[in-house]
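Dear colleague,

Please find the structure below. I would be grateful if you would read the notes that follow alongside it.

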Amino acid sequence: MYRMFGIDYYDSILLSGDFQVKQVRELEKKWGLPEKELEIVGLPHMDDMKKRVFSGSAESTAGHQRTVLSYIPVTPH
């Protein structure tokens, strides 16, 4: 989410994905700002979770019991 003047005073910006590069470049052009150094770092916590889920290794589920969520309707008294 962009906040007015939120990136104006920085030389570089850390981004979570490729899609943000275009957005930042458009803002730089629109506001006449110098081009910034953009580094895509992703979302480290989510990236690690994705690796664990798709690795299929025993350690990804070691020590974790199955979690079951259910809905029980409550009748008013």
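The notes below begin with the chain as a whole and then turn to one helix, its salt bridges and a surface patch.

This is a predicted model, in which local features need pLDDT of at least 70 and side-chain atom pairs count only at pLDDT 80 or more, while totals for chains, interfaces and linings use all residues. Residues are numbered from 1 along each chain as its sequence is written, and side-chain values use heavy atoms, with hydrogens and water left out.

The chain holds two helices and two strands, where helices (H or I, at least four residues) and strands (E, at least two) are DSSP runs numbered from the N terminus. Their order from the N terminus is β-α-β-α. Of the 77 residues, 16% count as buried; buried means under 20% relative accessible area, exposed means over 50%, and partly exposed lies in between (1.4 Å probe, protein chains only). The chain exposes about 7,400 Å², and carbon and sulfur atoms supply 58% of that area. Accessible areas come from the Shrake-Rupley method with a 1.4 Å probe, and for residues only the protein chains shown count as cover. Among contacts (heavy atoms within 4.5 Å) between residues at least 6 apart in sequence, 50% join residues at least 24 apart.

Helix α1 covers residues 19–31. Its 13 residues should span 18 Å at 1.5 Å a residue, and the end C-alpha atoms, 19 Å apart, agree with this; the expected span is 1.5 Å times one less than the number of residues. Which residues of α1 are buried? They are Gln20, Val24 and Glu28. These cover an arc of only 75 degrees around the axis, which puts them on the same side of α1; the arc is that of the directions from the helix axis to the C-beta atoms. The buried residues pack against β1 (12–15) and β2 (37–40). On the face turned away from the buried side, α1 carries the exposed residues Phe19, Lys22, Lys29 and Lys30. Gly32 follows α1 and has a positive phi, near 65 degrees.

A search of the whole structure finds two salt bridges, each being a side-chain nitrogen of Lys or Arg within 4 Å of a carboxyl oxygen of Asp or Glu. One joins Arg25 and Glu28 at 2.9 Å, N to O. These two residues are three apart in α1 and are therefore separated by about one helical turn. Arg25 is partly exposed at 28% relative accessible area, whereas Glu28 is buried at 4%. The side chains of Arg25 and Glu35 also meet in a salt bridge, at 4.0 Å, N to O. Arg25 lies in α1 and Glu35 in the loop between α1 and β2, so the pair ties together parts that are ten residues apart in sequence. Glu35 is exposed, with 64% relative accessibility. Through shared partners, the salt bridges join Arg25, Glu28 and Glu35 into one network.

Finally, Met4, Phe5, Tyr9, Tyr10 and Trp31 make a nonpolar surface patch of about 660 Å². Patches are made of residues with over 30% relative accessible area and no salt bridge, with like charges joined within 9 Å and nonpolar side chains (Val, Leu, Ile, Met, Phe, Trp, Tyr) within 5 Å. Trp31 belongs to α1 and is partly exposed, at 39% relative accessibility.

With kind regards
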